[in-house]
2 protein chains.
Amino acid sequence: MVQSAEILSVGTELLLGQIVNSDAQYLSQQLSPMGINVYRHVTVGDNVERLKAALAECLQRADMVITTGGLGPTMDDLTKETVAEFFGLPMERDEATYAWLKDHFEKRGAVMSPNNAKQADFPKGSRILPNRNGTAPGCVVEENGKVVIVLPGPPVELHDMFENAVLPYLHSLSEDVIVSKILRFFGIGESALEYQLRELIAAQTNPTIAPYAGTGEVTLRLTAKCRAREEAEGLIAPVEAAIMAQVGEYFYGYGKDTLDIVVARKLLEKGRTLALAESCTGGMIAAKLVGYPGISEALLEGQVVYSNAAKVRRLGVKEQTLEQFGAVSEETAREMALGLRAQVGSDLALSVTGIAGPDGGTAQKPVGLVYIGLAQESGVTVKKLNLSGGRNRIRNMATLNALDMIRRALDKMDRNRT
Amino acid sequence: MVQSAEILSVGTELLLGQIVNSDAQYLSQQLSPMGINVYRHVTVGDNVERLKAALAECLQRADMVITTGGLGPTMDDLTKETVAEFFGLPMERDEATYAWLKDHFEKRGAVMSPNNAKQADFPKGSRILPNRNGTAPGCVVEENGKVVIVLPGPPVELHDMFENAVLPYLHSLSEDVIVSKILRFFGIGESALEYQLRELIAAQTNPTIAPYAGTGEVTLRLTAKCRAREEAEGLIAPVEAAIMAQVGEYFYGYGKDTLDIVVARKLLEKGRTLALAESCTGGMIAAKLVGYPGISEALLEGQVVYSNAAKVRRLGVKEQTLEQFGAVSEETAREMALGLRAQVGSDLALSVTGIAGPDGGTAQKPVGLVYIGLAQESGVTVKKLNLSGGRNRIRNMATLNALDMIRRALDKMDRNRT
């Protein structure tokens with residue numbers, strides 16, 4: 001049973017600051033909820049002696065060391081070789097991996113260089129971890145009661161390998177099953193959420209409850225540890241229900257489902273259509289939704305109407321309204337949403353107009369003032385926001401608020417229907 | 001003179017994976033061009049004994065250790081105290097800092113808690129580094145020929161303190177001045193750029209030439225070390241000229257000026273106007289340009305025309321064209337750009353249509369096929385791209401290519417005018 005770990009990242013590019021070490025963060029995020037204590041992150045360059053020294057130090061402190069990086073085909077890539085040397089193990093060719101590599105190159109019409117062949121060599125006796133996103137398999141070496149897991153550096157390779165090969169391995173070491181569930185909330189701050197849940201949090205044992213604040217949203221991770229998955233899920237269910245009874249109003253999704261994904265999926269599932277008219281967000285809402293494959297069925301069009309002329313030309317906003325109330329006003333937001341819906345005929349038409357700054361604010365209309373209009377068959381509603389922060393934070397928060405308005409409207413439509 | 005350094009980050013939240021260690025990356029980026037070799041990044045939790053052990057190890061290897069984090073007012077924050085204990089120094093109240101802190105809280109109508117007062121205590125004899133963005137000053141401790149620099153964790157505080165207090169300190173240790181200049185290129189890969197500049201790179205001494213590949217772009221950092229700024233600039237100028245003679249065609253900007261910033265600035269400086277019609281990029285180009293304050297003068301409107309109906313309704317694309325050639329075709333891209341320009345009357349009208357995947361590709365039209373149309377007074381051009389990668393990479397690369405087309409058109413307009 002592994003109880004402690006250290007993350008040992010290998011790569012001169014990290015020490016030069018060319019990339020940020022997101023691998024260490026990712027692995028910590030994965031290990032902590034499993035009850036594995038991460039003592040240290042250590043980063044060294046592509047240098048045998050320094051890597052060997054660091055490996056010795058890490059293994060002295062922790063049960064397990066996970067290395068990231070240094071599995072490529074070049075001479076600089078020496079992590080596997082150094083781990084083998086450290087434990088006094090020879091490197092051995094794995095014929096299955098070699099055949100897979102050869103096939104990989106042949107399928108791409110490329111010739112496998114001798115360099116690439118070294119990606120099929122592993123410390124003798126190690127368990128090989130397949131790489132579905134690259135040519136560098138990882139491996140697990142168990143020696144002297146310690147575990148070294150050797151993983152590739154590119155996040156897309158590392159994440160897939162961790163979830164599909166490392167997790168099953170770690171679970172095989174323990175009789176316990178760990179089940180995690182992430183709940184996502186928007187419209188409530190971290191401290192307000194913690195305050196509302198203070199009794200539940202104080203009483204937490206199994207599952208544990210871990211809050212985390214992202215940009216404009218809060219997530220809760222519930223983690224239970226039991227002998228069987230069903231038992232863990234049985235422990236999580238009542239705690240989740242108690243949380244939802246307190247703050248369910250702000251809940252919008254599970255796991256990795258961000259607001260844009262939830263909204264895109266709901267639109268497609270419910271067969272509803274949407275049109276967007278964005279001023280200060282300037283296309284950010286559309287760009288997020290278009291990240292979802294197949295959204296063209298639901299997102300009939302988007303308008304970036306940052307200029308007054310475009311608001312008049314494309315949405316039929318009255319010049320008089322712009323003159324009397326200004327481009328950033330409840331009246332303009334309302335006319336934008338209504339005009340857009342009339343032209344496009346979508347179920348929902350959303351408008352955003354605001355002052356993102358840094359200039360353009362006044363005492364009456366400060367930077368951060370944003371109006372979001374939402375028109376539907378039943379009429380139009382306008383929400384007023386007073387956001388703080390720099391230009392990009394204001395635009396991001398306006399985008400999230402707009403997505404949340406669409407989400408709430410879609411949920412309501414459903415309820416009215418049934 | 002400091003020649004080697006290690007970055008020692010302090011914070012349990014890092015080991016839990018709650019935040020990524022961007023401080024270590026930032027400091028490496030700053031130190032490397034100064035000729036300071038960064039041996040290791042080490043992260044430990046908020047724990048006196050582990051921090052003291054790590055400090056001892058780092059100082060054994062390197063001339064200098066920079067710590068980040070653990071300077072807050074809570075009991076968990078113990079970096080300064082641990083550094084003092086490590087060197088056997090007492091903590092001493094700095095009266096000037098204490099008065100500044102008191103004033104800081106009074107101005108905000110808040111009462112300073114006893115906890116906050118500890119932010120005015122430092123290891124005896126240390127040099128205090130003011131914090132302009134928070135209540136946690138940093139400090140420098142010089143002992144036994146080694147240097148420990150203690151900095152706060154929040155990036156906005158760390159960056160300002162580094163640039164305004166740490167850099168002058170490091171320069172005071174050396175008689176040399178270090179001048180860096182970053183050149184940015186688009187449309188050429190890292191290896192092609194390195195190949196074209198191979199003789200210059202092989203001959204580099206002062207300035208040094210360091211290439212770095214970002215998403216779809218490459219940057220070169222030229223760094224010269226001399227006794228005076230003018231001398232360093234004099235060494236950089238001929239190398240920059242030689243680089244531009246080779247690959248100037250792909251150069252688009254200096255320093256932190258990304259393509260969207262360069263395009264937005266050029267539009268405003270030249271008084272030119274732009275309209276956008278985005279299909280697969282779905283508002284990403286508009287959203288990037290709207291990040292630039294004041295862009296409403298130049299960006300007359302954007303259209304997110306992901307559906308065929310919107311292409312017909314908003315841009316006047318002929319239904320026959322869509323039927324005969326498809327939405328992703330040179331013909332559709334051309335009609336989109338021409339239709340948009342006719343309706344809006346902008347100097348430039350740009351259209352994007354493509355297959356971002358993961359579905360929707362065919363043998364004739366694979367995922368990654370993108371057409372970008374650019375209409376101007378002189379006519380319309382269409383660029384065809386075959387991009388690889390996932391949905392988001394394809395959309396990002398299409399966005400960068402579109403911005404580069406606008407940049408090149410703006411440069412050409414200027415030349416034709418004079």
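N144(B) counts as exposed, at 68% relative accessibility. Exposed means over 50% relative accessible area, buried under 20%, and partly exposed in between, with a 1.4 Å probe and protein chains only. N144(B) sits in the loop between β7 (138-143) and β8 (146-151) of chain B. Helices (H or I, at least four residues) and strands (E, at least two) are DSSP runs, numbered from the N terminus. Phi of N144(B) is near 50°, a positive value in a residue other than glycine. In chain A, N144(A) also has a phi near 50°, again positive and again not in a glycine. The loop that holds N144(A) runs between β7 (138-143) and β8 (146-151) of chain A. N144(A) counts as exposed, with a relative accessibility of 70%.

The model is predicted: local features need pLDDT of at least 70, side-chain atom pairs count only at pLDDT 80 or more, and totals for chains, interfaces and linings use all residues. Residues are numbered from 1 along each chain as its sequence is written, chains are lettered from A and ligands numbered from 1 in the order in which they are written, and side-chain values use heavy atoms, with hydrogens and water left out.

Chain A contains 16 helices and 17 strands. Its C-alpha atoms fill a box of roughly 80 × 55 × 45 Å along the principal axes. Chain A has 418 residues, and 53% of them count as buried. Contact means heavy atoms within 4.5 Å. Among contacts in chain A with a separation of 6 or more, 67% join residues 24 or more positions apart.

Chain A carries 44 positive and 50 negative charges, and their mean positions are 6 Å apart. Lys and Arg count as positive, Asp and Glu as negative; His and the chain ends are not counted. Each charge is placed at NZ of Lys, CZ of Arg, CG of Asp or CD of Glu.

Cis peptide bonds come next. One joins G357(A) to P358(A), with omega near 5°. P358(A) lies in the loop between β15 (348-354) and β16 (369-376) of chain A. In chain B, a cis bond joins G357(B) and P358(B), with omega about 0°. The loop of P358(B) lies between β15 (348-354) and β16 (369-376) of chain B.

T79(B) belongs to helix α4 (residues 79-87) of chain B. T79(B) counts as buried, at 0% relative accessibility. Leaving out residues up to four places away in sequence, T79(B) touches V10(B), L51(B), T67(B), G69(B), G70(B), L71(B) and V150(B).

The two chains also meet each other. Chain B gives 60 residues to the contact and chain A gives 58 residues. Together they bury about 4,700 Å², of which 49% is on carbon and sulfur atoms. L15(B), R40(B) and R314(B) supply 14% of the area that chain B buries against chain A, more than any other three residues. Buried area is the accessible area (1.4 Å probe) that two parts lose on being put together, summed over both. Between chain B and chain A there are 8 salt bridges. A salt bridge is a side-chain nitrogen of Lys or Arg within 4 Å of a carboxyl oxygen of Asp or Glu. R314(A) forms a salt bridge with E301(B), with the closest N and O atoms 2.7 Å apart.
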